[in-house]
Amino acid sequence: MPPGLRALAMVECYRPGVPAPRRYVTDAIVLSRFDLGEADRVLTLITPSLGKIKAIAKGIRRPSSRLGGSLEPFAELNVALARGRTFDVVTEVRVGHAWLRLRDSLESAATAWYLAELADRSLEERHEAEPLYALLRRAYALLDAGMAPGRVARWYEMHLADELGMRPEVDRCVECDRVLEATESFRWVPPLGGVVCGRCPGPPADRSGLSLEALKVLKAYQRMDIEAIAGLRLPEDAEREVEGAMREFMRISLERDARSLAFLDEVRSAPREPRAPRAPAAPPDGPAPLP
Ligand SMILES: [Zn+2]
């Protein structure tokens, strides 16, 4: 074989499509899980380079299991896996970082489940997902640090939509492409991808109006870093409006309702749980008004 061809043949060996190694190690966060059979558990994991994978932890529900309690959600894990026919098999787990304080608040924990479900719904199995992995990781760290769960959720939804190539349009009318002006009225139309101006007819009138304040909040979530958003003084009505708007946007984008939302709403409607005092989310000079 001529040297050039031989070199090519060697390159060929390392191309994607060549059987992957039977055993591998990856960072991972548990997105969901269910029990299987007598003692097994099936997990959906998000990993940076392999995206979403399904794995089985055999015998994990037995008290003698080596995998024990470390294969839990709300933690960054380092997992060793062996390729299997249906599911890859978890052989070892090490906890890299556990966001333990996140679990102290039921609302933070319920929000964390919701964020995981959105990631699960957005990802195809075995497609690289580094940005989404980083997004979820940061959201969990923020919840763990005691940031308002609603703000973390809105920031996450906005950036998830961005990653999926579905960034909501909040600067121009999605119908006529005119820059939106503060003096006009707006409508929020998720099936069209964002805001429709007062002059355009848009789809049948059942779409909800959007206040100027809510539009400003949506823009803030797109433009500002979450640390800055945490320090903003936002009108409660506008926050509620934006919550409804972004939930609807995610529902339309992912083509279904998130199941974990029912639990989150139940938690929020329950009487306030006592909570350990935490560092204030706002800067020392008090929350800033919305620009
Ligand atoms: Zn228009």
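Modeller: Start with a definition. Two residues are in contact if their C-beta atoms, placed from the backbone, lie within 7 Å. Keep in mind that this is a predicted model.

Five strands form a closed barrel in the order 1-2-3-5-4, with mixed pairing. From one strand to the next, the twist averages 50 degrees.

Take strand 2 and strand 3. Strand 2 covers residues 40-47, and strand 3 covers residues 51-57. The two run antiparallel and are joined by seven bridges. Look for Ile 46: opposite it, in strand 3, stands Lys 52.

Next, strand 4. Strand 1 pairs with strand 4 in the antiparallel sense, over six bridges. Here Asp 27 stands opposite Asn 78 of strand 4. Strand 4 is also joined to strand 5, residues 88-98, by eight bridges. That pair runs antiparallel too. Leu 77 stands opposite Val 95 in strand 5. A hairpin of five residues links strand 4 to strand 5.

Which residues of strand 4 are on its covered face, and which on its uncovered one? Ala 75, Leu 77, Val 79 and Leu 81 are on the covered face. Glu 76, Asn 78, Ala 80 and Ala 82 are on the uncovered face. Read the numbers and you will see a pattern. In a regular strand, side chains alternate between the two faces of the sheet.

Now the helices. Helix 2, residues 106-122, lies across strand 1, strand 2 and strand 3. Helix 2 runs at about 110 degrees to strand 1, which spans 23-36. Helix 3, residues 130-144, lies across strand 1, strand 2 and strand 4. The angle between helix 3 and strand 2 is about 105 degrees.

Finish with one residue. Tyr 156 sits in helix 4, residues 149-163. Is Tyr 156 buried or exposed? A residue counts as buried if 20 or more other C-beta atoms lie within 10 Å of its own. Tyr 156 has 26 other C-beta atoms within 10 Å, so Tyr 156 is buried.

What is Tyr 156 in contact with, leaving aside its neighbours within four places in sequence? The answer is Leu 115, Leu 135 and Ala 139.

Key: Residues are numbered from 1 along each chain as its sequence is written. This is a predicted model: local features need pLDDT of at least 70, side-chain atom pairs count only at pLDDT 80 or more; totals for chains, interfaces and linings use all residues. Two strands pair if DSSP finds at least two bridges between them. Helices (H or I, at least four residues) and strands (E, at least two) are DSSP runs, numbered from the N terminus. Axes are lines fitted to C-alpha atoms, for helices over the stretch in contact, and angles run from 0 to 180 degrees between N-to-C directions. A residue is buried if 20 or more other C-beta atoms lie within 10 Å of its own, exposed if 12 or fewer, and partly exposed in between; C-beta atoms are placed from the backbone.
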